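Thanks for coming. I'll go through one structure today and keep to a few places in it. Please have the sequence open next to the view.

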Amino acid sequence: SVVVSGDIALIGDGPRGLIIVDISNPEEPEVIGSFADECIINGVAIDGESAYLSDVIGGFRVLDISDPENPRQLAEIETPDVAQDVFVSGNFAYVADRLSGMIVFDISDPSNPEEVGVYNSPGEAMSIAVENNIAYIADEIDGLQIVSVRRPEGPSRYGRLDTEGFAYGVAVSGNYAFIADGSEGLKIVNISDPREPELIGGFDTPETSYKVAVSDGLIYLADG
């Protein structure tokens, strides 16, 4: 998982933890900091001077990265299952916690996050994106789950779509959701009506698609 904020890139590097890279000169990126505390970091989100991590071992972690050369942990909350991904929107962090579904944390005080809601998805929540108070969950064998988070303390399902494969990753851009669907490659879903998502296209990849990102009209797939 990679996120960029200004001249800094944060990389969730699995058992190597969090890697912080200065990208002010894109031709010569420089590692300037790291965080590795018996963790396996799968997901990273950033908001201001705080980084939010999904950690297979430790659950949900919050770091102060105001000094990117010396990141400092602010909070750690163990989740019931395996924290696979995290997405931040407004004052809330949404954690994809596999068999425990989606867990919602109030992060208005980053040093004291508070669990406020849970959505028990039918499959295994692997990845998550939130747009306009709607969460899109890549739910492995149960495809794409679409959930209203207008009331974070009481998430409720809007719709769902069987993606044919195993939905491992999701990204949202405008009226479209892009699904990394395992051996079925990329799936493109029209979500202009979140209650009635429609599969409109796809792309076969040579291996197994696990992660997807969208930027400036381009789709990036981790496929291996």
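**Aromatic pairs, a sheet and a core**

Start with Tyr-210, which is partly exposed, with a relative accessible area of 40%. Keep in mind that this is a predicted model.

Phe-60 sits in strand β7 and Phe-105 in strand β11, residues 102-106, which puts them 45 residues apart in the chain. Both Phe-60 and Phe-105 are buried. For Tyr-168 and Tyr-210, the centres are 5.0 Å apart with planes at 35 degrees, so that pair is tilted. Here too distant parts of the chain are linked: Tyr-168 is in the loop between β16 and β17, Tyr-210 is in strand β21, and 42 residues separate them. One more item on rings: Tyr-52, Phe-60 and Phe-105 form one aromatic cluster.

Now the sheet. Strand β7 belongs to an open sheet of 4 strands, ordered β5-β6-β7-β8 and paired antiparallel. Which strands stand at the edges? They are β5, residues 41-47, and β8, residues 72-77; each has a single partner strand, so one side of each has no neighbour in the sheet. From one strand to the next, the twist averages 20 degrees. Between β5 and β6 there are 6 bridges, and Gly-43 stands opposite Ser-54 in β6.

Staying in β7, which covers residues 59-64, look at Arg-61. Is Arg-61 buried or exposed? Arg-61 is buried, at a relative accessible area of 2%. The Arg-61 side chain reaches the backbone oxygen of Asp-37 at 3.1 Å. Beyond its sequence neighbours within four places, Arg-61 contacts residues including Phe-35, Glu-38, Tyr-52, Asp-55 and Glu-76.

Last, the largest nonpolar core. This core has 14 residues, and those touching the most other members are Tyr-136, Leu-144, Val-170, Ala-177, Ile-179, Val-189 and Ile-191. Two or more residues each come from β14, β15, β17 and β18, and β14 gives the largest share, 3 residues.

Technical notes. Residues are numbered from 1 along each chain as its sequence is written. This is a predicted model: local features need pLDDT of at least 70, side-chain atom pairs count only at pLDDT 80 or more; totals for chains, interfaces and linings use all residues. Side-chain values use heavy atoms; hydrogens and water are left out. Buried means under 20% relative accessible area, exposed over 50%, partly exposed in between (1.4 Å probe, protein chains only). A polar contact is a pair of N or O atoms within 3.5 Å; within protein, one must be able to donate a hydrogen and the other to accept it, and residues adjacent in sequence count only if both atoms are side-chain atoms. Contact means heavy atoms within 4.5 Å. A nonpolar core is a set of buried Ala, Val, Leu, Ile, Met, Phe, Trp, Tyr and Cys residues joined through side-chain atoms within 4.5 Å. Two strands pair if DSSP finds at least two bridges between them. Axes are lines fitted to C-alpha atoms, for helices over the stretch in contact, and angles run from 0 to 180 degrees between N-to-C directions. Rings of Phe, Tyr and Trp (its six-membered ring) pair if their centres lie within 6.5 Å; planes under 30 degrees apart count as stacked, over 60 as edge-to-face and the rest as tilted.
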